Amino acid sequence: ATTPSAPAAPEDPNLAYFRDLAETRNYTLGRPVSPKLTPDGKHALFLRSAPRDPTLKLYELDLATGRERELLTPAQLLGDTSESLSAEEKARRERARQSLKGFTSFQLSKDGTRLLVTLSGKLYLVSRSSLKVSELPGRGWIDPRFSPDGRSIAAAGPDRELHVFDLNSAPVTEVAITSGATATVSHGTAEFVAQEEMSRPRGYWWSPESHDLLCQETDESQVETRYVADA
């Protein structure tokens, strides 16, 4: 014979309140993030997570009808694998106070036909009309951005050099446009002081005509290394 179990005691209201705060990130999960209008002014693109899930997905809102559609989710790209971030990307997100997962940012091409997202250090081009996804070569990319004319993409690579992707080539090709990076010299990324103290996350800038790139070179060879034995 089995003894019927006593009904569970109701959760303390104070504990439930703090549980809600933790699971919803102070009731911020589920809100639209980083909204962008399409060039024709007919749609708004944005990122959003579920109310209790910090994973951001990509959405599109039709401004005339109010109809919303889900464009892309991290699960569609990762499958059964989990998201993986490099140490450099983890540091960048910490300095930007970014604790969410999934698509933490996205880029829209000038003509509004293509989207660029990053996940696990890989770059993906997304067609807005067909939702076809194309993976770009390489991985470990940081701060990818379309050129103003939408024909190229620049990104800082794991080799600490600045690279450019030619979207007009088939297949898409990429080339490093800087050289000379070492363990203490890097190109195309903002250093710690700029990111943390000056709120400047970028380390390169496209010219308005898309013909040139202004690139930061960081030399940390004179920075003393200190070792923390027991943090």
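## Close-up views of a predicted model

**View 1. A lysine over an aromatic ring.** K36 lies over the face of F106, at 4.1 Å from the ring centre, in a structure that is a predicted model. In its own strand pairing, K36 stands opposite L45 in β2.

**View 2. The hairpin of β1 and β2.** Strand β1, made of residues 33-37, pairs in the antiparallel sense with strand β2, made of residues 43-50, and three bridges hold the pairing. Between the strands of this hairpin there are five residues, and within the hairpin G41 takes a positive phi near 75°. The residue facing K36 across the pairing is L45 in β2.

View 3. A pair of aromatic rings is described by the distance of the centres and the angle of the planes. For F46 and Y59 the centres are 5.7 Å apart and the planes stand at 10°, so this pair is stacked. Because F46 lies in strand β2 and Y59 lies in strand β3, which spans residues 53-62, the pair ties together parts that are 13 residues apart in sequence. Both F46 and Y59 are buried, and R48 lies over the face of Y59, at 4.5 Å from the ring centre.

**View 4. An edge-to-face pair of rings.** The count of aromatic pairs in the model comes to three. In one of them, the rings of Y17 and F18 have their centres 5.3 Å apart, and their planes stand at 65°, which is over the 60 degrees required, so the pair is edge-to-face. Y17 counts as partly exposed because its relative accessibility is 44%, whereas F18, at 53% relative accessibility, counts as exposed.

**View 5. The open sheet of four strands.** The strands of this open sheet follow the order β6-β7-β8-β9, and their pairing is antiparallel. At the edges stand β6, with residues 106-108, and β9, with residues 133-135, each of which pairs on one side only. From one strand to the next, the twist averages 25°. In a regular strand the side chains alternate between the two faces of the sheet.

View 6. Strand β7, residues 114-119, and strand β8, residues 122-127, run antiparallel and are joined by six bridges. Across this pairing, L116 stands opposite L125 in β8.

Terms used:
Residues are numbered from 1 along each chain as its sequence is written. This is a predicted model: local features need pLDDT of at least 70, side-chain atom pairs count only at pLDDT 80 or more; totals for chains, interfaces and linings use all residues. Side-chain values use heavy atoms; hydrogens and water are left out. Two strands pair if DSSP finds at least two bridges between them. Helices (H or I, at least four residues) and strands (E, at least two) are DSSP runs, numbered from the N terminus. Axes are lines fitted to C-alpha atoms, for helices over the stretch in contact, and angles run from 0 to 180 degrees between N-to-C directions. Rings of Phe, Tyr and Trp (its six-membered ring) pair if their centres lie within 6.5 Å; planes under 30 degrees apart count as stacked, over 60 as edge-to-face and the rest as tilted. Buried means under 20% relative accessible area, exposed over 50%, partly exposed in between (1.4 Å probe, protein chains only). A charge sits over a ring if NZ of Lys or CZ of Arg is within 6 Å of the ring centre and within 35 degrees of the ring normal.
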